Amino acid sequence: MMTFQQIENILNDKSPKAVEELAREAAQLTRRQFGRTISLYGPLYLSNFCSSHCTYCGFHSQNKIQRIKLEPALYRKEMQFIHAQGIRNILMLTGESYKHTPLSYLKEATLIASEYFQGIALEVHPMETPEYKELFAAGVDGIAVYQETYDRARYAQVHLSGYKKDYDFRYATPYRAAEAGMRQISLGILLGLSNPSQDLFALYQHLRELEKSFPGVEYSVSFPRLRTVKSATLASGDVDDAQFVKIIALTRLLFPRVGINLSTREEPKLRDHLLEIGITRMSAGSNTSVGGYTLLEEKYQDPQFDIKDERSVDEIVKLLKAKSFDPVFTDWRHIENSL
Amino acid sequence: MTDAPLVIAGKSFTSRFLLGTGKFKNKKDLSDSITACGSEIVTVALRRIDLERHEENILGFIPPHVTLLTNTSGARNAQEAVRIARLAKASGYGHWVKIEVINDSKYLLPDNHETIKATEILSAEGFVVLPYISPDLYAARALVKAGAATVMPLGSFIGSNQGLKTKELIQVLINEIDLPIVVDAGIGAPSQAAEAMEMGADAVLANTAIATAQNPPLLAHAFALAVKAGRLAYLSGLPLQRSIAKASSPLTGFLYDDIPAN
């Protein structure tokens, strides 16, 4: 494993040759491990009620936005829309509210989602192992939980109140999810919150520990960069494109089999180039507002973050094929989950 | 010289090259590669079969004369492998199944113990089971007892293109196990496939090397030729493998120096 200093040196090296070499090596390794395939998934925002105050997020509890929680009849409509676009892997998201989106709500959403989707993942508030076991049994295969930053001081500064304030509970969440049987676990850091080298080093350590404790889990990582929401600057990002490329390449070289997600936050041009370097999964046809697909007109929507890549699923598929990638819609066939 | 066919579970195959269908950049490359190598058995991960997107459905690119071998990719234990195999059968993909039980996402090494358990259950249910294992004599013997149709030992880490890193262990299986030995995983070049066949393997399976080549059908063809060449070499009684062959100057000839030749 690399030391913090080695990572820092790589990220701060301004030479174009260094980034090119890293990218080439990562691209080669990615092709050998994954071929020219990219898995596609669709995000579905179920609710934006949130009890945590995270300064960088459009859903945070103090933000005066319209709070919505979709009831089954409504999210079913959204699911049908996403399904009709060809998507078979779904990531269901909520704000972090135990009160508004409790376990029972998530279980019901999972059962309905399993009518339309083969792979179901959740990005919701962290839970305890028994709750994850119930979700796994209901049909959830994957959990995404990002630490955002591993810098404790910075973590405290940006997570002002609510459950998310508890750094250690969040850090241990992927262990609890794995313990419960989850097949896929996604970790992530929000680039721009703190020193990227430090966060990357800590993320790698987290991932390495998890691999040792739960080797059967398929891990993936995400590197969202800070974005504005409805043009309001909530924080400033400081990871430039070259550093971003290096972060993806380095992750691939150190973790050859780990999935690397790319979100719609990135500009299409960058997103297209990153596909060559190390990305294995991307969202398509995304809308980051609750009810954003079929229910609300755009002017009434309050997205979690503004999307930079607004291309439809069909457009993404065309683009992937034009770049000689095989878009993968079905990456899992749902079987009964039990340990 | 005519070779005996490869027989698996009573079914005869002329080709001794099996193709995996993952990682191809498009379905045309896959389809052309199947044609170019003449494989009669191809593996498909059930998790990658999309029933609804007909134009993209991988099964539409596999010719009808080819035997479909669904694999249990994604299974982490015997129970999950059994569920996936049953689902494949129920979905109409036949009863030939390659058991892959992998509970290590870093090295993707198969869990032999769980593989044996799954083989036992599925063989009893009438599946033709081709289990993928780390080459181990005891595991292979247990698989014979469990009713496996072949044994598929890995040559090296899956997707590594490193060739026959486990050569000596595979040779033991070839020597001792009376089921077809299909060398699977890590075969990165036709020369490595030929090497496995020269050793006496009954067949070779490749995927990554072909799927990620610049020209997949061309490499698929090269693999098929190499497998044939290796097979012929094996049948020829290749000198290097005949450790009990007659030495040109016998070490013990002196014992008979006084006996006149007749």
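1. Basis of the model. The model is predicted, and local features require pLDDT of at least 70, side-chain atom pairs count only at pLDDT 80 or more, while totals for chains, interfaces and linings use all residues. Residues are numbered from 1 along each chain as its sequence is written, and chains are lettered from A and ligands numbered from 1 in the order in which they are written.

2. Chain A overall. Chain A contains 12 helices and 11 strands, where helices (H or I, at least four residues) and strands (E, at least two) are DSSP runs numbered from the N terminus. Its radius of gyration, taken over C-alpha atoms, is 19 Å, close to the 20 Å from the globule rule for 339 residues, so chain A is as compact as a globular protein of that length. The globule rule is 2.2 Å times the number of residues to the power 0.38. The C-alpha trace of chain A spans about 55 × 45 × 45 Å along its principal axes.

3. Of the 339 residues of chain A, 53% are buried. A residue is buried if 20 or more other C-beta atoms lie within 10 Å of its own, exposed if 12 or fewer, and partly exposed in between, with C-beta atoms placed from the backbone. Two residues are in contact if their C-beta atoms, placed in that way, lie within 7 Å. Among contacts in chain A with a separation of 6 or more, 80% join residues 24 or more positions apart.

4. Packing of α4(A) on α5(A). Helix α4 (residues 103–113) and helix α5 (residues 129–138) of chain A pack at about 15°, with their axes 9 Å apart. Axes are lines fitted to C-alpha atoms, for helices over the stretch in contact, and angles run from 0 to 180 degrees between N-to-C directions. The two helices are therefore roughly parallel, given that angles under 35 degrees count as roughly parallel, over 145 as roughly antiparallel, 65 to 115 as roughly perpendicular and the rest as oblique. On the side of α4(A), the contact is made by L103(A), L106(A), K107(A), T110(A) and L111(A), and on the side of α5(A) by E131(A), E134(A), L135(A) and A138(A). These residues divide into 5 nonpolar, 1 polar and 3 charged. Here Ala, Val, Leu, Ile, Met, Phe, Trp, Tyr, Cys and Pro count as nonpolar, Asp, Glu, Lys and Arg as charged, and the others, Gly among them, as polar.

5. Packing of α3(A) on α4(A). The axes of helix α3 (residues 72–84) of chain A and α4(A) come within 10 Å and cross at roughly 40°, so the pair is oblique. From α3(A) the contact draws on P72(A), Y75(A), R76(A) and M79(A), and from α4(A) on E108(A), A109(A), I112(A) and A113(A). By class there are 6 nonpolar, no polar and 2 charged residues in this contact.

6. Residue E20(A). E20(A) belongs to helix α2 (residues 16–34) of chain A and is partly exposed, with 13 C-beta neighbours inside 10 Å.

7. Chain B overall. Chain B has 8 helices and 10 strands. Its radius of gyration is 20 Å, close to the 18 Å of the globule rule for 262 residues, so chain B is as compact as a globular protein of that length. The C-alpha atoms of chain B fill a box of roughly 80 × 40 × 35 Å along the principal axes. Buried residues make up 51% of the chain.

8. Residues of chain B. A140(B), in helix α4 (residues 137–146) of chain B, is buried, with 25 other C-beta atoms within 10 Å. Beyond its neighbours within four places in sequence, A140(B) is in contact with V151(B), L173(B) and I177(B). A9(B) lies in the loop between β1 (6–8) and β2 (11–13) of chain B and is partly exposed. A185(B), in the loop between β9 (182–184) and α6 (190–199) of chain B, is buried, with 26 C-beta neighbours inside 10 Å.

9. Contact between the chains. In the interface, 27 residues of chain B are in contact with 28 residues of chain A. On the side of chain B, α2 (78–90) and α7 (208–211) each supply at least two residues, and α2(B) gives the most, with 4 residues. That side comprises 7 nonpolar, 9 polar and 11 charged residues.
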